[in-house]
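Biologist: Could you put the model up and walk me through the side-chain packing?
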Amino acid sequence: MSRPPVQTRGGGYGLDAELARRAAERYDYEMEDEARDWIEAVAHKDIGEDFGEGLRDGVVLCALVNAIHPGIVPRVETKSKMPFKLMENVSAFLRACRKIGVNEFDLFETVDLFELKDLGHVVRCIFALGRAVQKNYPDFAGPALGVKEAVKNERTFTEEKLNEARNAPALVNLGSLRTMARLDIARTNSVTFGAEAQTSFHRAPPPPPPPSDEKVELVTQVRAGKALFEPTSLMYKPERTVAERFGDLTPSPPKPAPENSENVAELANAVASSIPGLSPALAAAGPTAEEEAQEWIESVLGEQFLASFGDSLKDGVLLCHLMNKIRPGLIPRIQTSPMPFKQMENITAFLRACRAVGVAEFDLFETVDLFELKKVPLVVKCVHALGRAVQKHVPEFDGPTLGAKIATANKRTFSEAQLKEAAAAVPILAHGSSQIMERRPFDRSASVTFAYDAGVSGLESPADAAAGSSAKPAPVEEEETAADSSSSSSSSVKPSSLPKSVLSSAALPTRTRWS
């Protein structure tokens, strides 16, 4: 039989009423029944028909935690009916839950129970109390509520097992060690092709052959440090020709390894020379930036590093001496105490000296980058920036240099006449509009209208050029119709404005009327 939703005392309207309604819809009566039975069995007190009203004063809850941990709530208010006294009982229960081990996010607010705003949260808190009791109170002989929380199961492994795990392939790389099962593809004219494809089974690839005894012995000696790795195993062996493969010809032996190759660089160059396409540029690559910075500091100070780059500079003493060598008296006090904060003061003094010399702010590092060896490359970058700044801002320093000198400003001055001339000059972008592109004249002598075009443009036609300037123009014959003769006789003929070359009969083409 389903019960109606629990009645909560939320707000009368607005957001409070909506939250109270949603909390009532999520309320679980089965969890309430389990919590009721557990509380009554442990505290030996009757809650009553109404779960919220029975726990509202906090008396039953205080009796519950006292039964679990005797004396955890020393005083329980049972006589007074004042609201603040009853709320003190609920607050004392919540403090006891924290001591027992209930997480903070599982606890409820005092008003959630006293004002019956969210009984579902109260039930969840009681279940969290039941789980915490099973975990933190193993000697508690009373009934249990809920599932026991997991405890930490820390396991220890021997060094041998740890080394074995390090050499084992990762789960991500297991895909390259196995082949995915795939049905065989066959081509057949049988109608049962699908069934045959389904019944075929995939065969796993054969396992790789075990390593030879010589290889195992060689690897064992190399790991033990008793032998060096022979570069002949990495030498490139060209593919044999057909004569070498089927005939009696024997392939040429590989290039032998260098004798007494004790130097690691020589051995690496021999390996690089044996691989085609890889040049042995290891020895010619030059020192690294860290090695250059260390060599410069050692040459300026006149002493060698006793440890690595970072370990030798982490106390800041050598760096302070370096700045005093560059500019005497720049760091008046150098701390020699082994205390960490004193050594960090040396590094801070070095950074202030770098700023005074002229090193840019973005080239500096933080104190912890060197003292804790977090970012040693930034320290190397700062030393190189210091070497460049010394060449520019400390010209009196005659010691060794590091890096290229920073360029200095080369400010030029111009006279007033030069400035005016530059202001009146045509800009480079406007040079295209100050000149006219050269264009050859177009020869249209073969055109029918060449004479007219030449006359309009002022040029001479070939006929005029042949006749000379003394040739007289021939009369122009005009054909007039009957309608045009009457109008032309009464009108006066105006002299033509066309040039002589256009009016000449030799220049204009004649039109022949065909009847």
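This is a predicted model: local features need pLDDT of at least 70, side-chain atom pairs count only at pLDDT 80 or more; totals for chains, interfaces and linings use all residues.

Biologist: Switching to ring pairs, how many aromatic pairs does a search of the whole structure find?
Modeller: The search finds three aromatic pairs. In the pair formed by Phe305 and Phe309, the ring centres are 6.3 Å apart and the planes meet at 45°, so this pair counts as tilted.

Biologist: Are Phe305 and Phe309 buried or exposed?
Modeller: Phe305 is buried at a relative accessible area of 11%, and Phe309 is buried as well, with 2% relative accessibility.

Biologist: OK, cores now: which residues have the most contacts inside the largest nonpolar one?
Modeller: Within that core, which has 42 residues, they are Trp38, Ile39, Leu55, Ile100, Ile126 and Leu129. At least two core residues come from each of α2, α3, α4, α5 and α7, with α7 supplying the largest share, 10 residues.

Biologist: What does Ile39 touch?
Modeller: Leaving aside residues up to four places away in sequence, Ile39 touches His44, Ile47, Leu55, Val60, Leu61, Leu64 and Ile126.

Biologist: Then what about α4, how many of its residues are buried?
Modeller: Eight of the 10 residues in α4, which spans residues 59-68, are buried, among them Val60, Leu61 and Leu64; the elements covering the buried residues of α4 include α2, α3, α5, α6 and α7.

Methods: Residues are numbered from 1 along each chain as its sequence is written. Side-chain values use heavy atoms; hydrogens and water are left out. Buried means under 20% relative accessible area, exposed over 50%, partly exposed in between (1.4 Å probe, protein chains only). Helices (H or I, at least four residues) and strands (E, at least two) are DSSP runs, numbered from the N terminus. Contact means heavy atoms within 4.5 Å. Rings of Phe, Tyr and Trp (its six-membered ring) pair if their centres lie within 6.5 Å; planes under 30 degrees apart count as stacked, over 60 as edge-to-face and the rest as tilted. A nonpolar core is a set of buried Ala, Val, Leu, Ile, Met, Phe, Trp, Tyr and Cys residues joined through side-chain atoms within 4.5 Å.
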